[in-house]
Amino acid sequence: MTDTISAQIELDNIAKAFRQANEERQGLVNQWEQTIEQMKKRDQDMDKCATEIAGLKAEVRAKEDLIGEKEEFLSQEVVNNREMEKRVERSERDVARLRLQYQEAEAGRIEFRDELETLKYDVERTATDVESMQAKAKQLSRDIKDKRRQ
């Protein structure tokens, strides 16, 4: 009987060790399955992040293209502004030259007007003098005729 009891105790110990090993194995299997699920979730998260990164990169490229276009437009506008500034400067010089010419012409016009007024006065004075001399000549002519008659 002791052999049987000892075999039974040994068998119980083996069964206990087997159950314990089975539980450990089941724990490892569960842990392994959880690890696999976590890895799947991380893979999905990584795929989602990769998709977001690709979208963000596309946005960055689009914005960089837009920035490039805006920089090119700005550069062209700077060139246009410089050209326009040159035109404005030329126009301002032309305006200054034309103002000077106008002032000179106006001064000439005023000088001619003054000279005209002087000449008109001279003509009027001469006309008055002529009329006065004609009147004197007629009077002298009458006086001479009257003296001849006497």
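The legends below describe several views of one predicted protein model.

In this predicted model, local features need pLDDT of at least 70 and side-chain atom pairs count only at pLDDT 80 or more, whereas totals for chains, interfaces and linings use all residues. Residues are numbered from 1 along each chain as its sequence is written, and side-chain values use heavy atoms, with hydrogens and water left out.

View 1. Helices (H or I, at least four residues) and strands (E, at least two) are DSSP runs, numbered from the N terminus. Along its principal axes the C-alpha trace spans about 215 × 20 × 15 Å, and the radius of gyration of the chain is 62 Å, while a compact globule of 150 residues would have one near 15 Å. That radius is taken over C-alpha atoms, and the globule rule is 2.2 Å times the number of residues to the power 0.38. Of the 150 residues, 0% count as buried, where buried means under 20% relative accessible area, exposed over 50%, and partly exposed in between (1.4 Å probe, protein chains only). The accessible surface comes to about 14400 Å², of which 56% belongs to carbon and sulfur atoms; such areas come from the Shrake-Rupley method with a 1.4 Å probe, and for residues only the protein chains shown count as cover.

**View 2. Ser6 is found in helix H1, which covers residues 2–149.** Ser6 counts as partly exposed because its relative accessibility is 39%. Between Ser6 and Asp146 there are 140 residues in sequence and 200 Å in space, C-alpha to C-alpha.

**View 3. Met1, Ile5 and Ile9 form a nonpolar patch on the surface.** Together these residues have about 340 Å² of accessible area. Patches are made of residues with over 30% relative accessible area and no salt bridge, like charges being joined within 9 Å and nonpolar side chains (Val, Leu, Ile, Met, Phe, Trp, Tyr) within 5 Å. Ile9 is found in helix H1 and, at 46% relative accessibility, counts as partly exposed.

**View 4. A patch of negative charge on the surface gathers Glu64, Asp65, Glu69 and Glu72.** Asp and Glu count as negative and Lys and Arg as positive, while His and the chain ends are not counted; the place of a charge is taken as NZ of Lys, CZ of Arg, CG of Asp or CD of Glu. Glu69 lies in helix H1 and counts as exposed because its relative accessibility is 54%.

**View 5. Arg125 forms a salt bridge with Asp122.** A salt bridge is a side-chain nitrogen of Lys or Arg within 4 Å of a carboxyl oxygen of Asp or Glu, and here the closest N and O atoms are 3.6 Å apart. Both residues lie in helix H1, three residues apart, about one turn of the helix. Arg125 is partly exposed at 40% relative accessibility, and Asp122 is partly exposed with a relative accessible area of 28%. Elsewhere, salt bridges that share partners join Glu83, Arg87 and Arg90 into one network.

**View 6. Glu83 forms a salt bridge with Arg90.** The closest N and O atoms of this pair are 3.9 Å apart. Glu83, at 33% relative accessibility, counts as partly exposed, as does Arg90 at 40%.

**View 7. The side chains of Asp114 and Arg113 meet in a salt bridge.** Their N to O distance is 3.5 Å. Asp114 counts as partly exposed at 39% relative accessibility, and Arg113 counts as partly exposed at 41%. A search of the whole structure finds nine salt bridges.
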